[in-house]
Amino acid sequence: MKIVYFTQSLISCWNHGNAHFLRGVMRVLIASGHDVTICEPASSWSRDNLMRESATAASAFAATFPTLAGRVCIMPEEDEDRLDAALDGADLVLVHEWNEPDLVASIGERRVRAGRFTLLFHDTHHRMVSEPDAMARYDLSGYDGVLAFGEALSEAYRKAGWSGRVFTWHEAADDGLFRPPETSTARAGAVWIGNWGDGERSQELRDYMLATSARIGLPLDIYGVRYPDEAKAELDRHGAQYHGWAANARAPEIFARHRFTLHVPRRFYVTQLPGIPTIRVFEALACGIPLLSAPWQDSERLFEPGFDYLQAKTPEEMEILMRSLLHDPDLREALAEHGLATIRARHTCAHRVTELLAIVETLRGAPAREAA
């Protein structure tokens, strides 16, 4: 199939957690023989910030993802001819929700007018419940269906009239890149990879990560962007080491130096959209590092809590579990092995590609078959 994916950026992972999954899915599709093009604007919030962060980011992307680099098409704004050319001959078109509403509508209009392709809107954020007015700006009337990255989000679309045309499509690990180290190295302390979170989990980070790690003297390394000065001061007061931005592709190497990692979900994924783990859980388990999570309800039973990862219900329990993971190598090994096995059995990008192709066949009204 000729597949076209419109994203805010594939090149940039700066404050763009979905980049991991999108890169992984595109890599699997290409390896399976599909003709894949990824379209992204010349300027976007994520890409522009990355270029200011690292002048070599684009070349580093090309070196790390050689099969993707030549397939990225930079789309000038409001270039109707380039848009028509990108869609020409396409069998499947996917549009990520971080694209501008005008572009989303323009692609839908072309689908209605003359497009023979299947058109899907891909939603990987909580704005459908947190900012419904913002999502109302998107005209999806020309779309065949919606891919939502969790059942709770799918339910929100069903309530908006998409029943029968919304499909739960979880994120997953790019296990071709995210895997345990081939050679074991010395590990120490814990690591957190994530952004401060726009106030959506500040108190949870204090209660479940900073205060608890400080009380037991746990060395804690932190990577991420968009930490305001007051957040950096708070990390410093708690003895955590802030390292700033790290390319997503470096995560396996960072995980390999630590005894365990932490998961502190944003509040929306605890209260209004339970069951969506976000990409960080998949990344950690794929790399074979034990994961300790703050409260989060795995309502879709994607994992086995207690076996794939540990979960604390209170800050006091978090402290106890931190001590256990810090000092019990057998516990760390058991969690790492079980979590990795679960990823490889059910949650790789190859699994999601199989699901995607089945969804497309369903929408086309044909029996599921293996496409290439």
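Contact means heavy atoms within 4.5 Å. The model is predicted: local features need pLDDT of at least 70, side-chain atom pairs count only at pLDDT 80 or more, and totals for chains, interfaces and linings use all residues. Residues are numbered from 1 along each chain as its sequence is written, and side-chain values use heavy atoms, with hydrogens and water left out.

An open sheet of six strands is present, with parallel pairing and the order 10-9-8-11-12-13. Strands (E, at least two residues) and helices (H or I, at least four) are DSSP runs, numbered from the N terminus. Two strands pair if DSSP finds at least two bridges between them. The edges are formed by strand 10 (241-242) and strand 13 (310-311); each has a single partner strand, so one side of each is left without a neighbour in the sheet. Strand 8 (residues 190-193) and strand 11 (residues 260-263) run parallel and are joined by two bridges. Val 191 has Thr 261 in strand 11 as its bridge partner.

Helix 14 (residues 279-286) lies across strand 8, strand 11 and strand 12. Its direction is at about 155° to strand 12. Axes are lines fitted to C-alpha atoms, for helices over the stretch in contact, and angles run from 0 to 180 degrees between N-to-C directions.

Strand 12 (residues 291-293) contains Ser 293. Ser 293 has 0% relative accessibility and counts as buried. Buried means under 20% relative accessible area, exposed over 50%, and partly exposed in between (1.4 Å probe, protein chains only). Beyond its neighbours within four places in sequence, Ser 293 contacts His 263, Tyr 309, Leu 310, Gln 311, Ala 312 and Met 318.

The axes of helix 15 (residues 315-327) and helix 16 (residues 329-346) come within 5 Å and cross at roughly 95°. The two helices are therefore roughly perpendicular. Angles of 65 to 115 degrees count as such. Ser 324, Leu 325, Leu 326 and His 327 of helix 15 meet Pro 329, Leu 331, Arg 332 and Leu 335 of helix 16. Five of the residues in this contact are nonpolar, two polar and one charged. Ala, Val, Leu, Ile, Met, Phe, Trp, Tyr, Cys and Pro count as nonpolar, Asp, Glu, Lys and Arg as charged, and the others, Gly among them, as polar.

Met 128 lies in helix 7 (residues 127-130). Met 128 is also buried, at 17% relative accessible area. Leaving out residues up to four places away in sequence, Met 128 touches Asp 123, Met 135, Leu 153, Ala 156, Tyr 157 and Ala 160. Met 128 and Ala 156 are 28 residues apart along the chain, with 7.1 Å between their C-alpha atoms.

How values were computed: Angles under 35 degrees count as roughly parallel, over 145 as roughly antiparallel, 65 to 115 as roughly perpendicular and the rest as oblique.
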